[in-house]
Amino acid sequence: MDTQRFDEINKLLRYLVITSTTKAGSGHPTTCLSAIELMSVLFFNRHYHYDLSNPHNPKNDRVIFSKGHAAPLLYALYSVAGAISHDELMTLRDKNSRLEGHPTPEFAYAEAATGSLGQGLSIGLGIALAGAPGVYVLMGDGEVAEGNIWEAAAVAGHYKTSRLTGILDVNRLGQSDPTMLGWDTKTYRDRFTSFGWHAIVVENGHDVREVNKAYAEALTIKNKPQVIIAKTDKGHGISFLENKEGWHGKPVPAEQLEAALKELGKVDLQLTAEIEKP
Amino acid sequence: MNMKATRKAYGEALAKLGNKYPNVVSLDAETKNSTYAEDFKAVYPHRYFDCFIAEQNMVGMAVGMARMGKIPFASSFAAFFTRAYDQVRMGALSLANFKIVGSHAGVSIGPDGSSQMALEDLACMRAVWNSVVLYPSDPVATEKLVEEMIKHKGFCYMRTTRAVTETVYKESEKFPIGGFKIHRANSKLSITNSKSITIISAGITFHEALKVQEKLAGKIGVTVVDLYSIKPVNALELKKAVKTQHVITVEDHWPEGGLGDAVLNVFSDVPSVSVHKLAVSTLPHSGSPEENLARAGIDAEAIEKKVNEILSM
């Protein structure tokens, strides 16, 4: 695995998430920053197969951001893939933009409107049972307090569908408080395992090698849904946001933007990466 | 008399239409022998998904399947979809082509008691963005409306009835979304004089309205409207169809947000027409279907009383 290439991709994703939310004046950049490595490895290391010219291609894998408030990251990923310009990313949350605050079908690569938490895993299960080859559902740790998640976990376990992969971004922090379980990945693992899932714990969700290994392991599992439970830092990569309470749903203020971007170092704005076709 | 419950007609219709529409799939929350989704399962076991008693997940799954080009019909007791209302709301915002069929609506389910009675489902589903809300009164209407749901792109809700009811319509009748059926009194009484009235209802109470029409024949000209499409309502045509000063609406639903309010919306700018709502306004209880309709004040007797009260004013 070319980790240097991923360093560059991840810097660019962080840059795009931070600048687009600061430009919008609202949004959830810290929620995006915890999931950067989890998503960039999925998208750009040939795990995720998708035909950008045809979202309804039946051979497409599918990605659902159940944690819909990470929408800026969803848009940034497709921007790095070449499907959206950086200029358009800067229209995030505008009244005429297809890039709404939380994903909606106006954005053609969103499988569903999400943001009412706890619903994405069910939608992913429906997509998997309807025949999509692989379905990846990004969940926040806060939202797994929703009963709907465990309804989906139980029914997916019953159907033993290996086409469904959950990605649990355990960044420890909710909106107003830490989550009930914090970084207790063992308990999350035990819960999913008891529902008939194959659970893979990633001790460092910002280590692209470890994340890559988890996706590779998930692919080998037969007759079971899989979940990758990754310990992450909310706001990862920016010292004054990282693992700090009080930053949920807040963009970097314009006056702190320069300081935040300086921490990223030199970003290659021309960089693109390919999503492998089905 | 040909008697059948609309919930049974639903299961039979879906099974019958399955061949013509290969993308139709069925999901049910462990109530398939009550909703009659089992009729579809019997013919198409691989297009049927048991979702167990987990309605929120079932609606989410339906939204996902719709994204893949399937036409999912999710069924359970109508009352239990209220717990998945957020999922329905999000499905509508996802522009998903999904269908929900809720059975056992209203106090007319009888002895099972209030926890099993959907009495707010019409209000809930009417309030969903761009929704279609259907409430068939007989097996023919049910089958035709199931096919309309399949052909319509977008979210549709159908309310079915537990009790068996009489088959009223001929096979040749058409039931377009947005339509209604008028049943004029078979008498020489003018429908526009002071001894005339219009009763608008659907489902179980439509049959109560027909009883009133028959009983009052020759004395009072009762026009009965079967408003099987609760949303959308063709306001222009309904205004034309109603030729009496007074309209009574009757529904097995709370007074808020259901059929009566849909009719009130239509006549809100017609000062010459008065709309009187009959709906369930007391706390429901176990009892026979007939007792429950009487207690709720929505049976034939209650309607007749209301007719006499209005026309003697």
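Student: In chain A, what share of the contacts between residues at least 6 apart in sequence join residues at least 24 apart?
Tutor: The share is 77%. Keep in mind that this is a predicted model.

Student: How many helices and strands does chain A have?
Tutor: Chain A has 10 helices and 5 strands. Its radius of gyration is 17 Å, close to the 19 Å from the globule rule for 278 residues, so chain A is as compact as a globular protein of that length.

Student: And what box do the C-alpha atoms of chain A fill?
Tutor: Roughly 50 × 40 × 40 Å, along the principal axes.

Student: What percentage of chain A is buried?
Tutor: Buried residues account for 55% of the 278.

Student: Switching to chain B. How is it divided?
Tutor: Domain 1 of chain B covers 3–166, and domain 2 of chain B covers 181–311. Their C-alpha centres are 26 Å apart.

Student: How many residues does each domain of chain B bring to the contact?
Tutor: Domain 1 of chain B gives 28 residues and domain 2 of chain B gives 29.

Student: Which elements supply at least two residues each on the domain 1 side?
Tutor: In chain B, these are helix 6 (121–126), strand 6 (132–134), helix 7 (139–151) and strand 8 (164–166).

Student: How do the residues on that side divide into nonpolar, polar and charged?
Tutor: The side of domain 1 of chain B that touches domain 2 of chain B has 15 nonpolar, 9 polar and 4 charged residues.

Conventions. Residues numbered from 1 in each chain as written. Chains lettered and ligands numbered in written order. Predicted model: local features only at pLDDT ≥ 70, side-chain atom pairs only at ≥ 80, totals over all residues. Helix = DSSP H or I, 4+ residues; strand = E, 2+ residues; numbered from the N terminus. Rg over C-alpha atoms; globule rule 2.2 N^0.38 Å. Buried ≥ 20, exposed ≤ 12 C-beta atoms within 10 Å, placed from the backbone. Contact = placed C-beta atoms within 7 Å. Domains from an automatic or database assignment. Nonpolar A, V, L, I, M, F, W, Y, C, P; charged D, E, K, R; others polar.
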